[in-house]
Amino acid sequence: MLDEGYVTADGRQIGGVMMDMRGITLRFGGVEAIKNISFDIREGEIRAIIGPNGAGKSSMLNVISGFYNPQEGEVWFHGKRRPPMKPFQVARQGIARTFQNIALFEGMTVLDNVMTGRLTQMKSGMLAQAIWKGKAEREETANREVVEKIIDFLEIQAIRKTPVGRLPYGLKKRVELARALAAEPKLLLLDEPMAGMNVEEKEDMSRFILDVNDEFGTTIALIEHDMGVVMDLSDRVVVMDYGRKIGDGTPDEVRNNQEVIDAYLGVAHD
Amino acid sequence: MATGQPQARPVSIPALLARNVAQHGAKAAYREKEFGIWQSWSWAEAAQEIDALALGLLTLGANVGDHIAIVGRNRPALYWAMVAAQKAGCVPVPLYQDAAAEEVAYALDHCGARFAIVGDQEQVDKIAEVRDQLTELEHVIYLDGRGLRKYDHAAMTSYTDVQAAGRASDMASTMADRIAVLDYDSTCVMLYTSGTTGRPKGVVLSNRNVIETSRNSSDFDHLKAGDEVLAYLPMAWVGDFIFSIGQAMWAGFCVNCPESPDTMQSDLREIGPTYYFAPPRVFEMQLTNVMIRMEDAGRFKKWLFHKYMAVGRRVGPRLLDGKEVSFSDRLQYRLADWLVIGPLKNTLGLSRVRVGYTAGEAIGPEIFDFYRALGINLKQLYGQTEATVFITQQPDGEVRSDTVGVPSPGVELRIAENGEVFYRSPGVFVEYYKNADSTASTKDAEGWVATGDAGFIEESSGHLRIIDRAKDVGKMVDGSLFAPKYVENKLKFFPNILEAVVFGADRDRCTAFINIDLTAVGNWAERNNIAYSSYQELSQHPQVLDTIAGHVADVNASVAADPMLAGCQVHRFLVLHKELDADDGEMTRTRKVRRRIVEEKFSDLIAALYDGRSEIYTETEVTYEDGRKGKITATLDIRDAVVAPAAQVAAE
């Protein structure tokens, strides 16, 4: 139904459809959080989901990550229909995420926190880990190597051995991104990566998001409130309001969409 | 090791490199922490990397005598770039990595660089911003390609690609020819002076300058293969060039590069350098941090610290100077070393330091004494780019905080009528590039160079003492001597005062601007429950002003003790609402105050200091790190300071 990809304004080749959401409806009791929404995420693109508070953005992200299973609709991943799954099964398929409220292990060091992101890659059993010889040791070394590359990439070398609890907010966000990247995801879900940051921290984070996409070719789906950031970062934008999809397209298209303008400027709903 | 080669003395850095490969081939020459692990390169491996890059430069069409700009943080690959440039017959020109785009543009344009070898995207962007002004710049070579994938690569190549092209090329004989013609008089490097006044000048240093100086200074401090340095100071600074290239090549020791600028302190601890240089500011900051941490320690630890530091202060310097120390003192010092001094040195990363230097600014006696008490052989040297660093330095066992030492080996000193210090040495620079006028006014026909500093040689010890910049030393209205730096240094010795600027030339009395030290004053505010929302607010807090007034009064009392300089007491002062900053042009990149610019920019404040007002409203333009400009406004309190009566020359 769709062609194979497109080329962005800055000359990146975007691939075919990676994640296809078809007619998703999600209810909590009588409340319809998501109403029959369809959209796709293509390989290599930065896809934003925006909308006013309570629009259902985080719920949508939770459907992608397998935390919620929709009552209606289908999730297609890499051309295959995905059966209802637990989050850890989804994670093994190569989808990693960060959280709106930071969810790190406060008492552990940055390094240990990022290492937990490698969990899905660790195969050796508990006993082998405890003895830490042979395979378990090799595995740890290999994983550490991946983690160190990410630490270098996100420029957090100086806090490698610092407990996360002692870090300022902006850095914690960066550590969370590091942990998500440690899983070497195909698709990275970012839930408000820039919430509560100052301008400088936002600029840094935007830089990192672009670099992740550029350097690792990671597909990124993000939720964000800061319009300026969204419009600068993303290739295509889905706009939600009250659980419905009211717009979908390039930042320019979305910006000129009357329904979107109404939703944001606050026109009365009938 | 018996090399058995009756080779002539090496007369260039590439020749020294070849000698080191022959003598210490497998020993570590460079280390860099990357991905959390110290990676190392032996002399032989480093030489191969350098050759590959040099050949790569030749394939790009580098000509003999081309200038090659090098911008980035301290990394082995950029040190190799300097040597590779020399091997290709070119002249390396390291530039300050934190310089603004137009500063970089000025240097690139002035030296007509055809190639620039840069660290990362930040530097690439900086050059891209000014590229249309640079007609001669042909190619940019970058080390870290992150974020550069989408850039137009028509005139841009990665470092490793250039090396690969070099390895694949057949230009080895061309390179050998170019190395063969290098002699003692060929240019080794060109360094831009930070320029306290006017435009930066390109100081041309020959192989003779660099190698002779490196040899003399290495002998002076017995530097040898097996020593370790941490290269963390700007590569564009002459000191770093001499320590990390000149002396490292001459003595054959290992250069270690930190993982990132922020990790310098922990990298220092891991490497434990044996030869260490830091500006007074760094030592001061470390001491402030130690003292702040000790404030937070438990009562027992505090007691232990103060008791054994007192022992250290009493005995440490005497031990260092090889003076007689009683058996019981030795025993106590041993105990102090085991309990306090050893662990503290380890934490600071200074356990193995055999030779430590500081220079650039005066260092406070208590800071100096602190490190000497720890048993660290911290010495002072006096130098400048035009001298290839060394003019004077303190020999082991003759170390004091108020002198800068005896003339370095091979250096002759002369003090002019007006007190200005002149020197002549094998390190004296060749010329200022494309600036014959300045060359002529700085260096006379016999090779004597004016330092621009006023000072005198102490009769008793033969050590040089520097008072101030010669042009800053002036007269006040009543004819008494005005030496601002002398007073400023005394003020800056207080941990609460970061920077001070004293005015008074051709006036009837002296006044001062003061910058508070945010670390020290902020910590004090926290302890005393004083809330503040910004630097500006803290700087104008009445209690802060009281504290500073106390410091000024103390300084006045000590200045008054010297009859010659008693006129320099500070009568009125104000605390500035912003830190003096290099981005605003108020300081040089090496953090020296640009007096004229400060005078011009804050002329309204100076006027207020002299017209008796008690406060003044002011607006100041500031430049943020990314180059944007903004404006801050403030109302500043002006305080009168307690002035001490001048000491009578013939008291009683």
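**A walk through a predicted two-chain model**

Tyr184(B) is partly exposed, with 17 other C-beta atoms within 10 Å; on this scale a residue with 20 or more such atoms is buried, one with 12 or fewer is exposed, and one in between is partly exposed, the C-beta atoms being placed from the backbone. The structure is a predicted model, in which local features need pLDDT of at least 70 and side-chain atom pairs count only at pLDDT 80 or more, while totals for chains, interfaces and linings use all residues. Residues are numbered from 1 along each chain as its sequence is written, and chains are lettered from A and ligands numbered from 1 in the order in which they are written.

Tyr184(B) can be found in the loop between α7 (172-180) and β8 (187-192) of chain B, where helices (H or I, at least four residues) and strands (E, at least two) are DSSP runs numbered from the N terminus. Once its neighbours within four places in sequence are left aside, Tyr184(B) is in contact with Val11(B), Ser206(B), Asn207(B) and Arg208(B), a contact being a pair of residues whose C-beta atoms, placed from the backbone, lie within 7 Å. Arg114(B), 70 residues away along the chain, has its C-alpha atom 25 Å from that of Tyr184(B).

Along the principal axes, the C-alpha atoms of chain B fill a box of roughly 80 × 65 × 55 Å. Of the 652 residues in chain B, 46% are buried, and among its contacts with a separation of 6 or more, 65% are between residues 24 or more positions apart.

Within chain B, one helix pair shows how elements pack. Helix α2 (residues 43-59) of chain B meets helix α6 (residues 159-168) of chain B at an angle of about 85 degrees, with their axes 7 Å apart; the axes are lines fitted to C-alpha atoms, for helices over the stretch in contact, and angles run from 0 to 180 degrees between N-to-C directions. The helices α2(B) and α6(B) are therefore roughly perpendicular to each other, since angles under 35 degrees count as roughly parallel, over 145 as roughly antiparallel, 65 to 115 as roughly perpendicular and the rest as oblique. On the α2(B) side the residues are Ala52(B), Leu53(B), Ala54(B), Leu55(B), Gly56(B) and Thr59(B), and they meet Val162(B), Gln163(B), Ala165(B), Gly166(B) and Arg167(B) in α6(B). By class, the residues of this contact divide into six nonpolar, four polar and one charged, where Ala, Val, Leu, Ile, Met, Phe, Trp, Tyr, Cys and Pro count as nonpolar, Asp, Glu, Lys and Arg as charged, and the others, Gly among them, as polar.

Chain B is divided into domain 1 (15-277), domain 2 (278-376) and domain 3 (474-640), with bounds that come from an automatic or database domain assignment. The C-alpha centres of domain 1 and domain 2 of chain B lie 35 Å apart, and ten residues of domain 1 are in contact with eleven residues of domain 2. On the domain 1 side of this contact, α10 (264-271) and β12 (275-277) of chain B are the elements that give two or more residues, and that side has five nonpolar, three polar and two charged residues.

Chain A has ten helices and twelve strands. For its 270 residues a compact globule would have a radius of gyration near 18 Å, and the 19 Å of chain A agrees with this. Buried residues make up 37% of chain A. The domain assignment gives domain 1 (1-94 + 186-270) and domain 2 (107-184) of chain A, and 27 Å separate their C-alpha centres. Ten residues of domain 1 and nine residues of domain 2 of chain A form the contact, to which α7(A) gives the most on the domain 1 side, with four residues.

Finally, the two chains meet through 14 residues from chain A and eleven residues from chain B. On the chain A side, α5 (135-153) and α7 (199-216) each supply at least two residues, and the largest share, five residues, comes from α5(A). That side has two nonpolar, two polar and ten charged residues.

Key:
Rg over C-alpha atoms; globule rule 2.2 N^0.38 Å.
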